[in-house]
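Please look through the sequence and the model below before reading on.

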Amino acid sequence: MVYMSLRVRYTDAVAVEHMACRVVPGDIRMSIPFERFDFMFGFRPDGRRIAQDDPILAFAPYLMPQRVDAQVHIVLKIDCDVLTNYIRAQREKGYSFSFMDLVAAGYVRSVSQNPELNRFISNKQLYARNSITVSFALLKKFDDSDEIKETTAKINFNPTDTVYDVHNKLRKAIDDNRKPENKNSADKIASFLMRVPGLPTFVVSVVRVLDRYGIIPRFLVNASPFHTGLFITNMASLGLPHVNHHIYNFGNTSLFLAIGRTERVPTPGPDGTTIYKRMMPIGVVTDERVTSGAEFGRAFGCWRDLLADPSLMEMPPEDVKVDFPPEKMPGFRRNRRREEKQRAAMEA
């Protein structure tokens with residue numbers, strides 16, 4: 001593979017001010033989402049390659065080359081009464097939260113503290129994602145007919161986003177994409193390709209090759225809902241139970257959630273009694289190759305704790321843990337030395 005020069009623009013003071021929080025130094029665990037990269041051949045526009053310290057995990061993509069080979073299915077059950085009470089309290093303040101808002105906010109905050117959750121595998125190599133992205137499916141309802149169409153949307157979040165920021169971004173994306181006259185980039189590209197027989201097969205094959213070798217154009221990554229950190233489907237909005245939805249081989253999604261309708265679950269009560277609690281099941285499917293089971297357990301434990309007390313997400317996090325600090329970026333030291341030489345020449 002041919003590697004060309006990579007230009008990196010990063011201003012630490014401006015970045016920290018923008019983040020409004022402290023970036024933990026020395027915690028080499030997640031990509032910093034506010035860094036900007038100029039795309040060149042050999043470097044993916046949506047992530048950076050990182051080393052895997054565990055030799056077993058590093059070898060796993062060779063044993064399980066496809067994402068569907070490495071799927072792990074679990075079910076998270078969240079106390080629905082806690083979420084309902086929080087949503088009711090926020091409604092009095094003028095916010096119309098949904099379960100999906102809280103789940104997405106929990107993901108964003110969990111990634112800011114557990115960046116391993118935001119990694120992906122491409123061409124058997126481990127990458128840290130450049131941003132926190134969430135894709136989801138939604139329905140379009142046409143007023144003049146009973147026709148219902150499905151579309152997808154993708155949103156970029158900042159690691160310092162609060163539950164209110166996540167709610168506002170989700171509401172805007174849903175309102176914009178539910179309008180029958182509006183088409184997002186993914187819809188436009190799909191509609192164009194389907195006009196010519198055989199063209200979808202050819203284009204998808206080419207995109208797969210470009211994606212494999214990290215030279216896929218940035219506009220395709222931005223348009224594709226399959227190049228995302230998390231994909232959510234809300235089965236509860238249709239009155240359906242949760243499912244364990246597969247993750248896609250196309251793209252680089254490493255995590256899929258399916259929110260199911262509320263269930264009454266028997267739990268131990270006082271004095272040996274049994275009480276029934278309303279629980280919200282979430283079907284989770286993840287790619288086991290991106291990190292260890294212990295790291296997954298810690299990340300999902302953080303996520304579950306946040307949903308047990310959503311008020312923890314009302315303020316930005318005090319710090320953001322990172323996977324790939326700027327001094328470890330390819331070309332960073334080279335560009336810094338070049339700038340020092342230019343500054344010395346000007347002073348001379």
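## How a crossing is named

A crossing of two helices is called left-handed if the near helix is turned anticlockwise from the far one by less than a right angle, and right-handed if it is turned clockwise. With that wording in hand, the handedness of α4 against α9 can be stated: α4 passes α9 in a right-handed crossing.

## The protein as a whole

The model shown here is predicted. The protein contains ten helices and 14 strands, and of its 348 residues 46% are buried. Among the contacts with a separation of 6 or more, 75% are between residues 24 or more positions apart.

## Helix α4 and its partner α9

Helix α4 covers residues 99–113 and helix α9 covers residues 293–308; the two pack at an angle of about 135°, and their axes are 9 Å apart. Angles from 65 to 115 degrees count as roughly perpendicular and those over 145 as roughly antiparallel, and the angle of this pair therefore makes α4 oblique to α9.

On the α4 side, Leu102, Val103, Gly106, Tyr107, Arg109 and Ser110 take part in the contact, and they meet Ala299, Cys302, Trp303, Leu306 and Leu307 of α9. Sorted by class, the contact of α4 with α9 has eight nonpolar, two polar and one charged residues.

## The length and cover of α4

Is α4 mostly covered or mostly uncovered? Of its 15 residues, 14 are buried, and the helix is thus described as mostly covered. At 1.5 Å a residue, the 15 residues of α4 should span 21 Å, and its end C-alpha atoms are 21 Å apart, which agrees.

If neighbours within four places in sequence are left aside, Ser112 is in contact with Pro159, Pro317, Asp319, Val320 and Lys321.

## Helix α4 and helix α5

The axes of α4 and α5 come within 9 Å and cross at roughly 120°, which makes α4 oblique to α5. The contact is made by Met100, Asp101, Leu102, Ala104, Ala105 and Val108 of α4, together with Val163, Val166, His167, Leu170 and Arg171 of α5. By class, the contact of α4 with α5 has eight nonpolar, one polar and two charged residues. Here, too, the handedness can be given, and α4 passes α5 in a right-handed crossing.

Helix α5 itself runs over residues 163–178, and its 16 residues reach 22 Å from the first C-alpha to the last, close to the 22 Å expected at 1.5 Å a residue. Within α5, the residues Val163, Tyr164, Val166, His167, Leu170, Ala173, Ile174 and Asn177 are buried. An α-helix has 3.6 residues a turn, so residues three or four places apart point the same way. The buried residues of α5 pack against α3 (80–91), α4, β8 (132–141) and β9 (148–157).

## Two loop residues with positive phi

Most residues other than glycine have a negative phi. Asn123, however, has a positive phi of about 55° although it is not a glycine. Asn123 is found in the loop between β6 (119–122) and β7 (125–129), and it counts as partly exposed because its relative accessibility is 29%.

Asp271 is a further residue other than glycine with a positive phi, in this case near 60°. Asp271 lies in the loop between β12 (263–268) and β13 (274–287), and its relative accessible area of 80% is why Asp271 is classed as exposed.

## Residues brought together from apart in sequence

Gly214 has its place in the loop between α7 (199–212) and α8 (218–223), and Gly214 is buried, with a relative accessible area of 3%. Gly214 and Arg44 are 170 residues apart along the chain, yet their C-alpha atoms are separated by 4.5 Å.

His246 belongs to the loop between β10 (230–234) and β11 (255–259), and with a relative accessible area of 39% His246 is partly exposed. His246 and Thr286 are 40 residues apart in sequence and, from C-alpha to C-alpha, 8.6 Å apart in space. What does His246 touch, not counting residues up to four places away in sequence? On that count, His246 touches Gln71 and Phe256.

Conventions: Residues numbered from 1 in each chain as written. Predicted model: local features only at pLDDT ≥ 70, side-chain atom pairs only at ≥ 80, totals over all residues. Heavy atoms only, no water. Axes fitted to C-alpha atoms, helices over the stretch in contact; angles between N-to-C directions. Helix = DSSP H or I, 4+ residues; strand = E, 2+ residues; numbered from the N terminus. Parallel < 35°, antiparallel > 145°, perpendicular 65-115°, else oblique. Contact = heavy atoms within 4.5 Å. Nonpolar A, V, L, I, M, F, W, Y, C, P; charged D, E, K, R; others polar. Expected span 1.5 Å × (residues − 1). Buried < 20%, exposed > 50% of the residue type's maximum accessible area, 1.4 Å probe, protein only.
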